Amino acid sequence: MLALRLLVFLFCLFGLPGLYAQRVFVNTFGQLYEINTSTSPYTFREITGFCTQFTETAVFSIAVHKNTMYYNTNGSSRVYGFSLDNPSQCRIIGDFNSMSGGGGNEANSLTVDKDGTIYTALFNRGMLMRMNPATGVVENLGPMAAGGVGIRSGGDLIFYKGALYLAALSGDIFELNLNNPAESKLAISSTQFQTTIYGLISVAKDCANNSVFAIQADGRFVELDMDQKRTTGNSFFVPLSVFDGASSVEDGNTLGVNIDSIVIKAPCLDPAA
């Protein structure tokens, strides 16, 4: 039954026109899967054998940067990282408790930026935090609020065109102010969703654009127009409890190649010729 439900998910999400091959992952409560979008029909494989030297392997929230998968477990303040090529190569990246006053076990969301920095938001304390994956050093960016009202994390973070978005417990999606999280703003109102948002997932629409989906608690994936700050009206139902998603483009990058500059040089001429 689980395999059937995952195949439905693959067909609905990656059967949409224009989505290119990429690395995409989803997790239920405890299980982690990679979706292979280069096969027809699309296939998936469960990732097992990761971080077996540790006791915390029940995946709760995930994030991907290049070839590294990051995850935490429910009620844990620690972040683990392992190689996607060799899941047994695992280490503890850091501990959010180091800068949260003991509230790091409220971390219920993970994402990364283009530099690989790991971000999380705390459930009850409503703080935005980030971690250097190379050193494990944690920085508390401060409490999240919009219009003077505190924001509590509902379950996921994602970058889109350089901006960080949070699925909040209120059911709203907020654009977070990285310089001052207390000055964040509402992006998409909860009135556009049927129930609470559990997760956010970004996939490549084409070489230069990404599509973002909100994952509702009832299993419905709702497509978002992040530029116009609204839902598109497109959605589909998945009879599977997907807690979180991660992809190659969740940091806001696109799959295309960006050319920063072109330098034209004249050919060398032999004066003796």
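This is a predicted model: local features need pLDDT of at least 70, side-chain atom pairs count only at pLDDT 80 or more; totals for chains, interfaces and linings use all residues.
Residues are numbered from 1 along each chain as its sequence is written, and side-chain values use heavy atoms, with hydrogens and water left out.

Four strands form an open sheet in the order β14-β15-β16-β17, with antiparallel pairing. Strands here are DSSP runs of E with at least two residues, numbered from the N terminus, and two strands pair if DSSP finds at least two bridges between them. β14 and β17 stand at the edges with a single partner strand each, so one side of each is left without a neighbour in the sheet. From one strand to the next, the twist averages 35 degrees; the strand axes are lines fitted to C-alpha atoms, and angles run from 0 to 180 degrees between N-to-C directions.

Going through the pairings in order, β14 and β15 are antiparallel and share six bridges. Strand β15, residues 163-168, then pairs with β16 in the antiparallel sense over four bridges. Within that pairing, Ala 167 stands opposite Ile 173 of β16. The hairpin of β15 and β16 has four residues between the strands, and Gly 171 takes a positive phi there, near 95 degrees. Ile 173 has Ile 188 as its bridge partner in β17.

Strand β16 deserves a moment of its own. In a regular strand the side chains alternate between the two faces of the sheet. In β16, residues 173-176, Ile 173 and Glu 175 lie on one side and Phe 174 and Leu 176 on the other, and all are buried. Buried means under 20% relative accessible area, exposed means over 50%, and partly exposed is in between, with a 1.4 Å probe and protein chains only.

A second open sheet of four strands has the order β18-β19-β20-β21, again with antiparallel pairing. Its edges are β18, residues 197-204, and β21; each has a single partner strand, so one side of each lacks a neighbour in the sheet. The twist in this sheet averages 30 degrees from one strand to the next. Seven bridges join β18 to β19, residues 210-216, and these strands run antiparallel. In β19, Ile 215 is the bridge partner of Gly 199.

I turn now to charged side chains. Side chains of opposite charge can pair when their charged atoms come close. The structure holds six salt bridges, each being a side-chain nitrogen of Lys or Arg within 4 Å of a carboxyl oxygen of Asp or Glu. I shall describe some of them.

Arg 23 and Glu 34 meet at 2.8 Å, N to O. Arg 23 is in β1, residues 23-27, and Glu 34 in β2, residues 32-36, 11 residues apart. Arg 23 is partly exposed at 27% relative accessible area, whereas Glu 34 is buried at 10%. Both belong to a network of salt bridges that also includes Arg 45.

Arg 125 and Glu 106 form another salt bridge, at 3.4 Å, N to O. Arg 125 sits in the loop between β9 and β10, and Glu 106 in the loop between β7 and β8, 19 residues apart. Arg 125 counts as partly exposed at 38% relative accessibility, while Glu 106 counts as buried at 15%.

What distance separates the N and O atoms in the salt bridge of Asp 227 and Lys 161? The value is 3.1 Å. Asp 227 lies in the loop between β20 and β21 and Lys 161 in the loop between β14 and β15, so the pair ties together parts that are 66 residues apart in sequence. Asp 227 is partly exposed at 43%, and Lys 161 is exposed at 57%.

Finally, the cysteines. The count comes to one disulfide, defined as a pair of cysteine sulfur atoms within 2.5 Å. The disulfide joins Cys 51 to Cys 90, with S to S at 1.9 Å. Cys 51 is in the loop between β3 and β4 and Cys 90 in strand β7, 39 residues apart. The link is right-handed, with 85 degrees about the S-S bond, and both Cys 51 and Cys 90 are buried. Cys 207, by comparison, is partly exposed at 39% relative accessible area.
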